[in-house]
Amino acid sequence: MPGVPNPNGEHSPFIPGVPNPNADDSDMDSKIKYVDLSGEKGNKRTVKVGEKFSITLKENTSTGYKWSYTATPSMGLTQMGISTSDGKTSSGTVGEESKKTWTFLANKAGTYTLTFTYAREFDSAKPAKTQVYTIVVK
């Protein structure tokens with residue numbers, strides 16, 4: 001059976017240090033430090049194994065542009081969620097910029113690069129914006 005033996009000798013399909021999607025993590029969030037890296041363009045940032053961190057970028061999806069990212073290497077950081085504000089003000093104006101927030105869990109020591117690109121999915125042209133974050137996990 002694939003997986004790793006737990007302390008009881010049973011095998012688990014989950015990898016140590018990687019969140020179990022079926023686990024009750026209601027108590028986990030109270031033990032995890034959140035680090036907001038928004039606006040830290042091009043900087044090397046340090047977080048500890050087990051910390052969650054977030055990056056928030058502004059976008060205007062009514063133009064067809066939206067942010068996406070790639071992680072290099074892909075292991076060591078786990079995307080925990082994405083949230084988006086609606087971009088509407090109390091006046092109800094549509095087409096205003098919204099904010100997109102990615103939350104990651106640093107689960108393995110190493111150096112990782114998150115490259116965010118602001119582009120239209122249907123357009124093969126160069127992205128309108130690129131933001132690069134170097135994350136050092138200790």
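Is W67 buried or exposed? With a relative accessibility of 4%, W67 counts as buried; the term buried means under 20% relative accessible area, exposed means over 50%, and partly exposed is in between (1.4 Å probe, protein chains only). Welcome to a predicted model, in which local features need pLDDT of at least 70, side-chain atom pairs count only at pLDDT 80 or more, and totals for chains, interfaces and linings use all residues. Residues are numbered from 1 along each chain as its sequence is written, and side-chain values use heavy atoms, with hydrogens and water left out.

**The overall picture**

- The protein has 10 strands and 0 helices; these are DSSP runs numbered from the N terminus, with at least two residues (E) for a strand and at least four (H or I) for a helix.
- Of its 138 residues, 25% count as buried.
- Among the contacts with a separation of 6 or more, 62% come from residues 24 or more positions apart, where contact means heavy atoms within 4.5 Å.

**A sheet of four strands**

- An open sheet is formed by 4 strands in the order β4-β10-β9-β6, with mixed pairing; two strands pair if DSSP finds at least two bridges between them.
- The edge strands are β4 (44-47) and β6, and each of them pairs on one side only.
- β4 runs parallel to its partner β10 (residues 129-137), and 4 bridges join the two.
- T46 has V136 in β10 as its bridge partner.

**Aromatic rings**

- There are 8 aromatic pairs in the structure; rings of Phe, Tyr and Trp (its six-membered ring) pair if their centres lie within 6.5 Å, and planes under 30 degrees apart count as stacked, over 60 as edge-to-face and the rest as tilted.
- One of these pairs is W67 with Y118, which is tilted, with 4.9 Å from centre to centre and 35 degrees between the planes.
- W67 sits in strand β6 (residues 65-72) and Y118 in strand β9 (residues 110-120), so this pair ties together parts that are 51 residues apart in sequence.
- Y118 is buried too, at a relative accessible area of 8%.
- K129 lies over the face of Y118, 5.2 Å from the ring centre; a charge sits over a ring if NZ of Lys or CZ of Arg is within 6 Å of the ring centre and within 35 degrees of the ring normal.
- Ring pairs also link F53, Y69, W102, F104, F116 and Y133 into a cluster.

**A loop residue**

- E96 is found in the loop between β7 (77-84) and β8 (98-106).
- E96 is partly exposed, with a relative accessible area of 31%.
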